[in-house]
Amino acid sequence: MTYEVPTDEVTAPWWDATREKRMTVQRRLEWGHRQHCPRALCTGCGGAELDSAEVSGTGTVDSCTVVRRPTAATCPSSPRSERSNSHSTTSNGC
Ligand SMILES: [Zn+2]
């Protein structure tokens, strides 16, 4: 089963780089702040002028979370999402 990752104008540059086996992070043009995951605004100052900076990829991943919510009526809800208002991840791609 192939899952097509939904992208938008904010995340597309990062996904494009990963397909080319390059690791990038966002960089705020004005003062060089770097951030990941891709966001519409700088987490340091709220500025919108961001580009992509290639990095070595030798760092350490501290944490990674994938949040998905059912988008179709045919997609079963997980028991966890019914117990709380928190997001959940399911293994069936829903
Ligand atoms: Zn900033």
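The secondary structure of the protein chain comes to 2 helices and 3 strands, where helices (H or I, at least four residues) and strands (E, at least two) are DSSP runs, numbered from the N terminus. Read from the N terminus on, these elements follow the order α-β-β-β-α. The model is a predicted one, in which local features need pLDDT of at least 70 and side-chain atom pairs count only at pLDDT 80 or more, while totals for chains, interfaces and linings use all residues. Residues are numbered from 1 along each chain as its sequence is written.

The strands form an open sheet of 3 strands in the order β2-β1-β3, with antiparallel pairing, and two strands are said to pair if DSSP finds at least two bridges between them. The edge strands are β2 (34-35) and β3 (50-55), each of which pairs on one side only. Strand β1 (residues 23-28) runs antiparallel to β3 and is joined to it by 6 bridges; within this part of the sheet, Q26 stands opposite S52 in β3.

The loop between β2 and β3 holds C37. Is C37 buried or exposed? C37 is exposed because 11 other C-beta atoms lie within 10 Å, given that a residue counts as exposed with 12 or fewer such neighbours, as buried with 20 or more, and as partly exposed in between, with C-beta atoms placed from the backbone. The C-alpha atoms of C37 and T24 are separated by 9.7 Å, and these two residues are 13 residues apart along the chain.

For the chain as a whole, 5% of the 94 residues count as buried.
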